[in-house]
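Let's walk through this one piece by piece. Have the model open and follow along as we go.

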Amino acid sequence: MESFLFQASVFLAAAVIAVPIAARLGLGSVLGYLAAGILIGPVFGFVGGHETQELQHFAEFGVVMMLFLIGLELEPRALWDMRHRLIGLGGLQIGLTTGAVMAGGLLLGLYWSVALAVGMIFALSSTAIVLQTLSEKGLMQTGGGRATFSVLLTQDIAVIPMLALLPLLALRPMAELQPDGSIKRATDAAKDEAHHAISLVEGLPGWGVTLVTIGVVAAIILAGIYLTRPIFRFIHAANLREMYTALALLIVVGIGSLMMAVGLSPALGTFLAGVVLANSEFRHELESDIEPFKGLLLGLFFITVGAGIDFGTLFGAPLTILGLTLAVIGIKAVILYLLSRAFNIKGRDQVLFTLGLAQAGEFGFVLISFSDQTRVLPPGLSETLLLVVALSMLITPLLFILYEVLSKRMAEHGDEHEADEIDETGPVIIAGIGRFGQIVNRLVQSAGHKTVVLDHNIKTIELMRRFGFKGFFGDPTRPELLHAAGLAEARVMVVALDNADAATRLVTYVRRERPDIHIVARARDRTHVFKLYQAGADDIVRELFDSSLRAGRYVLENIGMTEYEAAEAEKVFYQHDRHSVRELAKLWRDDIPSAENAPYIERAKELERDLEALLLAQLQKDDAA
């Protein structure tokens, strides 16, 4: 117990000190965790290699929880819409990278089966580091962020066939001489390892393994659809807040264990469960319960990666290790760049996609360990591979810093940001998310209704994402973006653009495309109101009208009127102004300045006299009361 408490104190102290410093320096939390691991492991020796490996297996559940939370953010329809990128972009990345690294291994003299195994190991990228960094920097909803996520998800799925293929690549079994003089075959060692693992498919024929695997996946989907609601109601009846947390952890840990028992990736299983529960009313409850554990375990995982770096091996052959690491990053970056060109990923999204996935990943540790157990890798090679994987992960935060530098330089040279690919629709579309649109969006979302936000200012969209609000970058007046956002099915269109002419063009287009949709539009002034009225807007709100009315009411209250009298005067003015706008809109002409439109001026004077009479009558009525 004392040893456990000491280790826990060391890990927590390292994180508390290193991570805030890294964050303040703009390096990101991931690099802080990795640096903390290096300090307590190789540098000061507070933790040893054995303890680090045990903790790493435990901390890998942080990755599992992260994929569960990502699944909760993805509806099944959105996942289906990603199928082309999952199969095309992700599949090509894995295939081409495996082939390129395998070719490099053959040139270095590796046997073909060993080179193929090494190629599969380095084809994978770090889901934990990349997704954590994308979320921190608000890049998840960019075009490059979504392409990166598609590849990472494909890689996680690809781990399953890789684990099935590796035993077929095993080298000739080697015998080991035991201390008692007996000889132990490698096959016996493999059986001993498997004996300790819980498996639902051990000893089954091929068709039996397939049926059990399909049954487990189907059970997870059906339980997510039909069992979660009654279970949550049962827990709610207990009126114990901690039971929600226990249930959330049970879902993640239970599904992860079940998937491992049939030889599948636990991360894939929990991701699938998250997608199934994405439409559940308990989604936000699950997110809030899992999020703290996910963050803590992911941080612990990054620390163990840093603590597990073998600097002895590194210093023994520094040029070789660093050369191999940079070669892996370079090969992957070239392939990713070519794929981005082929799939029309441009600008800063292309840089993000290329640099973000150029490292090896945590599943590489799993494949290396499994390859060792099945005698796929020759003795000594696994240590080098582990070091290359760890160093490439350590370099990843620096690659994201390089992305930010290149991104700013591209912006300074006038490089336009590619419009986001819109992957969801909703009943309310909001075009423009400035001061006006933000209030509308927050009110509608807080009332439980889904919105799709479009804006042409990338800084505004990125700021929204940092505060947890989803939005898409692009010109809201472009027809293809509007239709991708669901214009054909939307019930309300909110036009809140700063540019008055663009707002009028947008209202005109939307009314022509959807005569039945309700359009709420922001107007700059009364003249803009008339233009929007003629364009087909249903409700038109002058951006300063309501706030000016409220300010006027405060003035009346402070020059002698009661609150009631001031409120009634405000009400009369508001109703009359709405009537006046409708009347004047009939006489307003776009081709004649208002100051030269005689009928318009005459009617405006009549309406102003009517207003004075209405306000005087209201005041007399209040005095009589």
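Leaving aside its neighbours within four places in sequence, histidine 528 touches Ala500, Ala503, Thr504, Arg522 and Ala523, where contact means heavy atoms within 4.5 Å. One of these partners, threonine 504, also makes a side chain to side chain polar contact with histidine 528, at 3.3 Å. A polar contact here is a pair of N or O atoms within 3.5 Å; within protein, one must be able to donate a hydrogen and the other to accept it, and residues adjacent in sequence count only if both atoms are side-chain atoms. Histidine 528 counts as buried because its relative accessibility is 5%; the cut-offs are under 20% for buried and over 50% for exposed, with partly exposed in between (1.4 Å probe, protein chains only).

A word on ground rules: this is a predicted model, where local features need pLDDT of at least 70 and side-chain atom pairs count only at pLDDT 80 or more, while totals for chains, interfaces and linings use all residues. Residues are numbered from 1 along each chain as its sequence is written, and side-chain values use heavy atoms, with hydrogens and water left out.

So where does that histidine sit? Histidine 528 belongs to helix α25, residues 526–535. Helices (H or I, at least four residues) and strands (E, at least two) are DSSP runs, numbered from the N terminus. Right-handed means that, with the strands pointing away from the viewer, the path from the first strand over the helix to the second runs clockwise. Another right-handed β-α-β unit is made by β6, helix α24 (residues 500–513) and β7.

Now zoom out to the sheet. It is open and parallel, with six strands in the order β5-β4-β3-β6-β7-β8; two strands pair if DSSP finds at least two bridges between them. β5 (472–473) and β8 (539–542) are the edge strands, each with a single partner strand, so one side of each has no neighbour in the sheet. β6 (residues 492–495) and β7 (residues 518–523) are joined by four bridges, with valine 494 partnering valine 520 in β7. β7 and β8 also pair over four bridges, and alanine 521 has isoleucine 540 as its bridge partner in β8. Elsewhere, four bridges link β3 (residues 428–431) to β4 (residues 451–455).

Finally, look at the helix pair α26 (residues 545–557) and α27 (residues 563–585). Phe545 and Leu549 are among the α26 residues that meet α27, whose side of the contact includes Phe573 and Tyr574.

How values were computed:
Axes are lines fitted to C-alpha atoms, for helices over the stretch in contact, and angles run from 0 to 180 degrees between N-to-C directions.
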